[in-house]
Amino acid sequence: MEYVGNVIRPPSEADAIILQVTVGCSYNKCTFCGAYKDVSFAIKDEATITRDLQFARECCRNHKRVFLADGDVLILSQKRLVRLFHLIHEYLPWISRISLYGNARAIRNKSQENLSELKALGLDRVYMGLESGCDEILQRIQKGETAETMIAAAKKIRGAGIFLSVTALLGLGDVTLSERHAADTAKALSAMAPNQIAILTLMPLENTILGQEVLVGKFFLPNPQVILAELSLLLSCLQNIRCQFHANHASSYLPIFGRLPKDREALLAAIEMAKSGAVLLVPEHRRAL
Ligand code: SF4
């Protein structure tokens with residue numbers, strides 16, 4: 001496969017064929033995100049994609065899913081996406097599930113009918129980064145969206161019957177907005193009604209604006225106790241939600257997961273144990289992005 005730059009995929013796509021369709025992220029302004037800082041956004045040409053599909057046809061027969069990289073493939077025109085999905089089915093007829101990252105901007109540019117058409121062509125799952133439900137934080141991190149615009153985008157994905165996974169980032173509110181971050185994020189997630197919530201914990205990178213803010217003392221990273229309190233508050237404030245809850249990303253101090261609402265009390269109890277010191281946290285050197 002002909003990959004350009006860092007190719008990133010969600011943990012749950014570990015078994016998927018990673019087909020790089022675009023390079024980088026067309027937005028690339030979020031202050032905490034260092035994923036695509038070293039590449040300019042580009043759409044790969046069909047000849048390159050076809051070569052990769054030919055390779056996958058010969059060498060990836062045991063893989064049943066395709067993940068379309070990089071950051072926001074959904075930004076492609078509907079015509080291009082439809083052509084791409086047909087190509088995938090032509091070269092890899094055994095593939096039943098296709099997934100990708102989709103930001104609110106890209107989703108906004110698609111009609112409900114567009115999304116339903118993609119669903120019918122195999123788009124099975126969209127991964128979306130909410131990061132925070134607090135508008136003040138979203139503005140600080142230059143997300144370019146509000147909680148309201150991201151909730152509207154989430155509803156569109158769910159309206160098309162597509163599995164929606166939404167990511168939030170503990171620690172993003174600095175120590176000053178920690179509680180608001182947790183409460184507002186829970187409120188936004190409750191309104192989005194995703195099938196899966198993925199909770200990551202902020203790890204500032206030096207190649208990002210936020211990383212530089214940490215170095216010069218403009219952003220104060222919450223300590224693990226504050227992060228655990230955020231996780232607990234967020235989990236407590238989620239309402240009317242039925243979904244998978246994954247806080248077991250490699251960046252987590254306390255890897256936990258379960259189904260909501262069934263496992264909420266057990267998850268909250270696990271967080272309390274960790275806060276009291278009865279359970280050891282993941283040490284800093286073992287955490288990763
Ligand atoms: S967080 Fe997502 S939208 Fe923001 S710069 Fe990174 S890839 Fe792009």
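Analyst: Happy to! One definition to begin with: Ala, Val, Leu, Ile, Met, Phe, Trp, Tyr, Cys and Pro count as nonpolar, Asp, Glu, Lys and Arg as charged, and the others as polar. Keep in mind that this is a predicted model.

User: What makes up the shell around the ligand, by class?

Analyst: There are 5 nonpolar, 1 polar and 1 charged residues. The shell consists of C25, N28, K29, C30, F32, C33 and Y36.

User: Where does the ligand sit?

Analyst: The largest pocket holds the ligand. That wording applies because more than half of its atoms lie within 2 Å of the grid points.

User: How many cavities of 30 Å³ or more does a search of the whole structure find?

Analyst: The search gives 2.

User: What lines the largest cavity?

Analyst: Its lining is L170, I199, T201, I227, L228, L231, A247, S252, Y253 and L254. The largest share, 3 residues, comes from α9. By class, 8 are nonpolar and 2 polar, with no charged residues.

User: Which classes line the second largest cavity?

Analyst: That lining divides into 6 nonpolar, 2 polar and 1 charged. R287 is one of the lining residues, along with G171 and T201.

Notes. Residues are numbered from 1 along each chain as its sequence is written. This is a predicted model: local features need pLDDT of at least 70, side-chain atom pairs count only at pLDDT 80 or more; totals for chains, interfaces and linings use all residues. Side-chain values use heavy atoms; hydrogens and water are left out. A residue is near a molecule or strand if one of its heavy atoms lies within 4 Å of it. On a 1 Å grid over the protein atoms alone, a cavity is a set of points where a 1.4 Å probe fits but cannot get out, and a pocket is an open set with protein on both sides within 12 Å along at least five of seven lines; lining residues have an atom within 4 Å of a point. Grid points are joined across faces, edges and corners, and a volume is the space filled by probe spheres set on the points. Helices (H or I, at least four residues) and strands (E, at least two) are DSSP runs, numbered from the N terminus.
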